[in-house]
Amino acid sequence: MSIRLHIDPKTPPLSWREFRKKRPPFSIAIDGYVAAPPVYDDSGPWLNLNHHEGVSRLETRATCAQALMAVRQGLYNRFHDDTGNPQAEVYVNDCDEDICLAWLILHRPDISNGAINPILNRLVYMEDMLDTTA
């Protein structure tokens, strides 16, 4: 498994086009690293999980909730190496509760895959509600 975190606080948020041009395939931007709504491009693949720019905050889930749904919906069926092991380059420009929880979910898909995980589900729900309304 090769899921790596890149913390880049000095680079201003990229556009979706810049992200796909400057970052390698299998890259995931989270929570404002790319100033664009959530979007996926299968040709890389590339993924942007975000609830800040270009979205309605009320209807858009926090980044950690988007990450959880992505993993549970089969993110690593596409984001994997030649042997089938999960592969991703995850980019962030900040460190808050939403980003840390999104990183945990992406980095540890083994604890995120199953829908029956009451502790993780409750934690994501609480962060989602706090991030949406605070």
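# Reading a predicted model, feature by feature

Guide: Thr-11 is found in the loop between strand E1 (2-7) and helix H1 (16-22), and since this is a predicted model, we shall read that residue, and every other one, as part of a prediction.

Visitor: What pattern does the protein follow when I read along the sequence?

Guide: The pattern along the sequence is β-α-β-β-β-α-α-β-α-α-α, and in total the secondary structure comes to six helices and five strands. The radius of gyration is 14 Å, close to the 14 Å that the globule rule gives for 134 residues, so the protein is as compact as a globular protein of that length. Taken along the principal axes, the C-alpha atoms fill a box of roughly 35 × 35 × 25 Å.

Visitor: What share of the residues is buried, and what share of the contacts joins residues 24 or more positions apart?

Guide: Buried residues make up 45% of the 134 residues. Among contacts with a separation of 6 or more, 58% are between residues 24 or more positions apart. The accessible surface comes to about 7,200 Å², and carbon and sulfur atoms account for 57% of that surface.

Visitor: Which residues of helix H2 are buried, and what covers them?

Guide: Helix H2 (residues 63-72) is mostly covered, with eight of its 10 residues buried, and those eight are Thr-63, Cys-64, Ala-65, Gln-66, Ala-67, Leu-68, Ala-70 and Val-71. Their cover includes strand E2 (27-30) and strand E4 (46-49), together with helix H3 (75-78), H4, helix H5 (109-112) and H6. After H2 comes Gly-74, whose phi is positive, near 105°.

Visitor: How are two packed helices described, and at what angle do the axes of H4 and H6 cross?

Guide: Two packed helices are described by the angle between their axes and the distance between the axes. Here the axes of helix H4 (residues 97-107) and helix H6 (residues 118-133) come within 10 Å and cross at roughly 150°, and the crossing is left-handed. On the H4 side the contact is made by Glu-97, Asp-98, Leu-101 and Ile-105, while H6 contributes Leu-120, Leu-123, Val-124, Glu-127 and Asp-131. These residues divide into five nonpolar, no polar and four charged.

Visitor: Where is His-51 found, and which residues is it in contact with beyond its neighbours within four places in sequence?

Guide: His-51 is found in the loop between E4 and H2, and with a relative accessible area of 0% it is buried. Leaving aside neighbours within four places in sequence, His-51 is in contact with Asp-31, Arg-57, Thr-60, Arg-61, Ala-62, Thr-63, Gln-66, Asp-98 and Asp-131. Asp-98 and Asp-131 also take part in the contact of H4 with H6.

Visitor: Which residues other than glycine have a positive phi, and where are they found?

Guide: Phe-26 is one of them, with a positive phi of about 70°; Phe-26 is found in the loop between H1 and E2 and, at 17% relative accessibility, counts as buried. Asp-31, already named as a contact of His-51, also has a positive phi, near 55°. Asp-31 is found in the loop between E2 and E3, and it is buried, with a relative accessible area of 6%.

Visitor: Is the peptide bond from Gly-44 to Pro-45 cis or trans?

Guide: That peptide bond, from Gly-44 to Pro-45, is cis, with omega near 0°, and Pro-45 has its place in the loop between strand E3 (39-41) and E4.

How values were computed:
Residues are numbered from 1 along each chain as its sequence is written. This is a predicted model: local features need pLDDT of at least 70, side-chain atom pairs count only at pLDDT 80 or more; totals for chains, interfaces and linings use all residues. Side-chain values use heavy atoms; hydrogens and water are left out. Axes are lines fitted to C-alpha atoms, for helices over the stretch in contact, and angles run from 0 to 180 degrees between N-to-C directions. Helices (H or I, at least four residues) and strands (E, at least two) are DSSP runs, numbered from the N terminus. A crossing is left-handed if the near helix is turned anticlockwise from the far one by less than a right angle, and right-handed if clockwise. Contact means heavy atoms within 4.5 Å. Ala, Val, Leu, Ile, Met, Phe, Trp, Tyr, Cys and Pro count as nonpolar, Asp, Glu, Lys and Arg as charged, and the others, Gly among them, as polar. The radius of gyration is taken over C-alpha atoms; the globule rule is 2.2 Å times the number of residues to the power 0.38. Buried means under 20% relative accessible area, exposed over 50%, partly exposed in between (1.4 Å probe, protein chains only). Accessible areas come from the Shrake-Rupley method with a 1.4 Å probe; for residues, only the protein chains shown count as cover.
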